[in-house]
Amino acid sequence: MKSKTVMENIYDHYEKFFSAEKKVADYVIKDPMDTVECTVAELAEKSGASDATVVRMCKHLGYKGYYQFRIMLARELEWINRNNDVTDKQYEYSTEKLFRQYADTMLGLAKNISVSEMEKSAELLHNCKWVHIIAAGNTSSLASYMGFRLERLGIRATFHAAPEYYMNQINLAEEDDVIVAITRSGSTKIVVDGIKLAKEKGLKVITITEYNYSEAAKCSDHVLLSNANANKFEYFRSHAQLCETAVIDALMTLVSKKFEREEKRAEDYLEIRMSDLKI
């Protein structure tokens with residue numbers, strides 16, 4: 001038996017919705033494409049409802065929450081768009097075309113990211129006592145990468161794939177410590193919880209995320225956008241971490257330049273110490 005689409009599901013449940021939920025459903029029916037681009041807060045504002053009402057409507061439809069509802073709707077709209085244009089060559093790749101797309105992505109990233117936020121973040125990292133990096137899922141590898149880069153610059157860092165570990169590090173953090181959160185969606189609960197704990201302790205938080213209006217971004221002091229296409233939400237997204245890695249590399253370069261004015265650098269000492277390990 002074919003499963004119902006999101007829109008069919010909404011029509012079937014519409015009469016069972018509370019009046020506030022119907023406002024949300026009406027907006028989704030009116031403009032599903034824009035709905036996909038909205039965070040919970042944005043959809044609530046546009047439909048004249050509350051964040052809790054948006055989530056409640058999604059759960060009444062049988063979804064675990066708004067994010068699952070959103071990706072299901074995005075998936076259906078993406079398939080419709082693909083099937084409506086079978087001649088589209090967007091998904092045909094050559095090696096040269098891939099690298100050109102990477103270059104275009106970097107140019108888009110440069111336009112969207114805030115120079116001021118980058119400079120302020122670099123200054124925080126340069127002057128802090130410890131950096132505690134938090135991430136979950138496939139972005140955990142980015143936390144390890146950034147942690148390594150920081151430590152080679154002589155900046156102490158903690159990072160771990162296990163949420164229990166980094167939540168404990170935040171709980172033990174001191175006033176001059178800085179938190180760096182990496183979350184593409186900006187809605188990963190354990191990462192958002194880590195940010196909120198950090199703010200309760202009065203710590204500065206830098207977040208690398210694709211969405212400026214995400215829950216993680218709203219709770220942070222500085223937001224570094226890792227999205228070359230502004231706030232466009234894509235279900236068929238790549239698991240590549242090109243943009244996030246580029247943001248981290250650029251940030252590390254800015255921090256490194258702040259150390260260039262200093263006579264002794266931890267990375268210089270270690271590089272000399274390890275030089276006999278290379279041919």
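How many helices and strands are there in the chain? The chain holds 14 helices and 5 strands. Helices (H or I, at least four residues) and strands (E, at least two) are DSSP runs, numbered from the N terminus.

This is a predicted model, in which local features need pLDDT of at least 70 and side-chain atom pairs count only at pLDDT 80 or more, while totals for chains, interfaces and linings use all residues. Residues are numbered from 1 along each chain as its sequence is written, and side-chain values use heavy atoms, with hydrogens and water left out.

## The chain as a whole

Of the 279 residues, 41% count as buried. Buried means under 20% relative accessible area, exposed over 50%, and partly exposed in between (1.4 Å probe, protein chains only). Contact means heavy atoms within 4.5 Å. Among the contacts in the chain with a separation of 6 or more, 68% join residues 24 or more positions apart.

## Helix pairs

Axes are lines fitted to C-alpha atoms, for helices over the stretch in contact, and angles run from 0 to 180 degrees between N-to-C directions. A crossing is left-handed if the near helix is turned anticlockwise from the far one by less than a right angle, and right-handed if clockwise.

| Helix pair | Angle | Axes |
|---|---|---|
| α1 (residues 6-13) and α2 (residues 19-30) | roughly 145° | come within 11 Å |
| α7 (residues 95-112) and α13 (residues 242-259) | about 55° | 11 Å apart |
| α8 (residues 115-127) and α13 | roughly 60° | come within 9 Å |

Take α7 and α13 first. Their axes are 11 Å apart, at an angle of about 55°. That makes α7 oblique to α13. Angles under 35 degrees count as roughly parallel, over 145 as roughly antiparallel, 65 to 115 as roughly perpendicular and the rest as oblique. The crossing of α7 and α13 is right-handed. On the α7 side, the contact is made by Y102, T105, M106 and L109. On the α13 side, L242, C243, A246 and V247 take part. The residues of this contact divide into 7 nonpolar, 1 polar and no charged. Ala, Val, Leu, Ile, Met, Phe, Trp, Tyr, Cys and Pro count as nonpolar, Asp, Glu, Lys and Arg as charged, and the others, Gly among them, as polar.

Helix α13 also meets α8. These two helices are oblique to each other. α8 passes α13 in a right-handed crossing. From α8, the contact takes in M118, E119, S121, A122, E123, L125 and H126. From α13 come V247, A250, L251, M252, L254, V255, K258 and F259. By class, this contact has 10 nonpolar, 2 polar and 3 charged residues.

The pair α1 and α2 crosses in a left-handed way. M7, I10 and Y11 of α1 meet A25, V28 and I29 of α2. Here the residues are 6 nonpolar, no polar and no charged.

## Helix α5

Which residues of helix α5 (residues 51-60) are buried? They are T53, V54, M57 and C58. Seen down the axis of α5, the buried residues fall within an arc of 140°, so they line one face of the helix. The arc is that of the directions from the helix axis to the C-beta atoms. Just after α5, G62 takes a positive phi of about 100°.

R70 lies in helix α6 (residues 66-84). With a relative accessible area of 6%, R70 is buried. C38 is 32 residues from R70 along the chain, and their C-alpha atoms are separated by 8.8 Å.

D104 belongs to helix α7. Is D104 buried or exposed? D104 counts as exposed, at 52% relative accessibility.

K16 sits in the loop between α1 and α2. K16 counts as exposed, with 67% relative accessibility. The C-alpha atoms of K16 and H60 are 8.9 Å apart, and the two are 44 residues apart along the chain.
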